[in-house]
Structures are given as structure tokens and as C-alpha cells.
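The sequence and structure come first.

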Amino acid sequence: MVQATHEYRQNHYVPEWYQKRFLGPENGERKFFYLDLRPDTVRAPNGHCYKRKDLLRWGLDLCFMQKDLYTTKFGDFESTEIEEKFFGDIDVRGKKAVEYFSDFVHPSVDHDAFLDLMLYLSTQKLRTPKGLKYLSLAAKSGDKNALLFAIQRLKNMFCAIWAECIWQLADCKKTKTKLILSDHPVTVYNMGCYPQSSLAREMGDPEVWSNGTHTYFPLSEDRVLILTNLSWLRNPYGNPMKERPNPVLFRQAIFNFMDIQTHRDLSELEVQQINYITKTRAQRYIAARCKEWLYPELSLGSSNWPDFGSSYLFMPDPRSASYSTEMMFGFEDGSSLALDEYGRKPSQLGYSGSKNSSRPDWESFHAFQGEYARLFGPVRRGRSFNYSRLSIAEDSDDFHAYHLKQEQKYQKRRYKP
């Protein structure tokens, strides 16, 4: 046990190295416009009450920081070991992983970067004040020491679910507005759970294993990583709050670098929509290097929550995704492993590699490819890496017509929240 030291008591629940990625060129002013969404009300000596200023101009050392957030206490003894050794190591590895995926291009493969990013994102989702509140509600405990120890045990909590998602790297290098930063940067969106609804007030954020939940994480102000459950890509017409197949945590999962979708350029409107969701999902603070970016609601024609989902804001391009099921692996020691696309083994109910297994999402997947082609045209909004080359950038006339026919053959039953 390490005695608490001043150096590790100013706890940035959003690391300073990550914040720097949202400050633009090095020669610019190294301060954020830092917006407090719920400024405190204070009482002056004369008895007058007033709200503190909501928009601040702060540097990295003051933003997204809370003193002793990770300091454990046992009587008169205090320890900063969790900040220094646990989060310290994860941040060092996470920084390199974030840099790698910020510059990712096919056919690059870095297994360590993937593992380090998964670990960083999983702990980042839990380590913020909002994440600690989530843990407190789940554990029905307000014991701070217990919650901090729980994070160390649960550090890989979301990794298997995210590994089985469709990954998309979307860019906004060409837009005037850039991505903003929040106090809970691993953000979720589900069209079936508006933050002000009774459901959201009861359960908080929707779980990442809810069918229609998209998880996104801005890697910088110019690039965002978007993770979409495969089951939702294959059938986006059902209930988004239903659990995805095999929502079990802490298990084996398979990730394929080749399936990562790149080459999507976000529009100005799409960046503003993402910023609006980021702001809505924040616990209290958001930040950006330009003040105007903090108020996306002023530029949006509509901020109706389900509309973002029904317009497929976060969806990868289904035409660049394959329909695969069973995967077989052999190892040097002679052992083997079989998993389906949802991480189920042959002995598990629903295993899609079985000869008798049904394909209830086969028609809906192809219908969605057709709908997506109709909505966005033949130019693809995401490209994976297949057969030693990038998937095609634009569908041929025949292929485009084929996709459109698939939609016409399927009777969609759109979910209505």
C-alpha cells in the first residue's frame, strides 16, 4: 500500500494526454471553452443566491479533474496507489493505442493496440463520476473504496461485447465543426432510450449489450470510433432495447481487423448531431476549443432523439459487412476452438454453426443493405478490407439494383419508441 502523495491526488478522470487531442494545432492557445451544464448555486455573505458562471476558459490541469476521486482511505491512512499504478499503466498503454487507431489504415494489424484500447475504453467508461455512479447503483453500494476495488476486477467488463461489434472509423477532417469532449467520453446512443424518459431515469444509460446501442469514442477532434452490435446491423427493425445474442461478459471473443470500416467522412450536420448526443449524455461538463461547438442544438433543425437512429447516424455501411457464422481455430498444441459470430460455442443454445440453426436475420440483413443503398446511393459510406484489398468504393449499376430489390422483398416492421 502506497501512502497518498500530492502528485497523484489531482485525479483527471479524463486524462490530460487525451484532452490534448481536442486542442488543435500546438501553436494555438492551450485552453478549452469548458461548459458547466449544471452550475452550482451559491449563497453570498449578504444572503443573496446566484448561479456560478457556466462557461469557463480553463487549461488541461483544471478540466475533468476531481481531487482524491481515486484516493482510498482506511481510517487516517490514505493511498493513491490506484491512480499511480492501476490507471497509470492503463493510460500509458491506452495513449499509444488511441494514437494507433487515430491513424489507422488498412491493412494494418496490431494485436497489442487492440487489447490495450479495449482495456482503456472499458476502464474509462467506469472511472468517470458518471461511471462510478453506474457501479454504485449496480452494486447497491456507496462505499467508495469498494467501488474503486471493483473497477480493478471489472476492468475488462465490456471487452467481449465490443470485440464482436462492427467497428467504424469516421472522420470530420473536412467539416468546419469538430468533435467535442465530455466528462464521460465513452458514450452510448440507443434510439429507444431518450435520456429524459422514465426508462432512462430508472436505468441510466442503456447497456452496451442492448441490441440497438451504439458505443462511440472520439479518438480526436477529427476522428471517432463507432461500435455497433452485429445483431443490430443485421436487423435494425426490431426493439433496440432487447438484449443482443449472448450478452455474457468476461468470455472469449473474436475480433477481425479486416472488418473495420474506414473511409467515412461525416457531414457538418452529422458532426453536430454527434456533439448534441455527447452533450446530452454528459454528466456535467463538456469542452471544445471553439465556443460555438458547445451549442449544437442551435444548429440542428431537429433534435428528436429517435431520429438520429432512424437516419442511421451511427450505422456502418451494411454493404461492406459480410454475413458469417461459424469460425474454427486450430492451435499448435493440437487443440481447437469453434465460436459463432456472437461468441457462442457449439454446446450453447443458439449456436449458429449448427446444421439445424435458423437464420432469422438473413432476409432483414439483405433488406437493410437495400434500404441503405436507396437512402445513401451507390457510393459506400464505409469500406472494409477483403481479399487483400479494400472493398469497393461504389456499387455497380447491377449491384445497386440488386440491393434495392432485396429491400422490396422484405416487409419491414419498424420499431416505434
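## Strand pairing, cysteines and a helix contact

Asp171 has Asp265, in strand 14, as its bridge partner. The model in which this pair occurs is a predicted one. Strand 9, residues 166-171, runs parallel to strand 14, and three bridges connect the two.

Both strands belong to an open sheet of five strands, ordered 11-12-13-9-14, in which the pairing is mixed. Its edges are formed by strand 11 (187-189) and strand 14 (261-265), each of which pairs on one side only. On average, and with direction ignored, neighbouring strands of this sheet are turned by 30° against each other.

Another open sheet has four strands in the order 5-2-15-10, and its pairing is antiparallel. Strand 5 (55-59) and strand 10 (181-182) are at the edges with a single partner strand each, so one side of each has no neighbour in the sheet. Within this sheet, strand 2 (residues 31-36) and strand 15 (residues 285-288) run antiparallel and are joined by four bridges. Asp36 lies opposite Tyr285 of strand 15. In general, strands of a sheet pair through backbone hydrogen bonds, in either the parallel or the antiparallel sense.

Covalent links between cysteines are a separate matter. How many disulfides does a search of the whole structure find? The search returns zero. For Cys159, the closest cysteine sulfur is that of Cys165, and the bond is ruled out because the sulfurs are 11 Å apart, whereas a disulfide requires them within 2.5 Å. Cys290 is likewise in no disulfide, with the sulfur of Cys172 the nearest at 12 Å. The two cysteines are listed below with their accessibility.

Helix 4 (residues 129-139) packs against helix 5 (residues 144-153) at an angle of about 100°, and their axes are 10 Å apart. Helix 4 is therefore roughly perpendicular to helix 5. On the helix 4 side the contact is made by Leu132, Leu135 and Ser136, and on the helix 5 side by Leu147, Leu148 and Ile151. By type, the residues of this contact are five nonpolar, one polar and no charged.

Note on methods
Residues numbered from 1 in each chain as written. Predicted model: local features only at pLDDT ≥ 70, side-chain atom pairs only at ≥ 80, totals over all residues. Heavy atoms only, no water. Pairing = 2+ DSSP bridges. Axes fitted to C-alpha atoms, helices over the stretch in contact; angles between N-to-C directions. Parallel < 35°, antiparallel > 145°, perpendicular 65-115°, else oblique. Contact = heavy atoms within 4.5 Å. Nonpolar A, V, L, I, M, F, W, Y, C, P; charged D, E, K, R; others polar.
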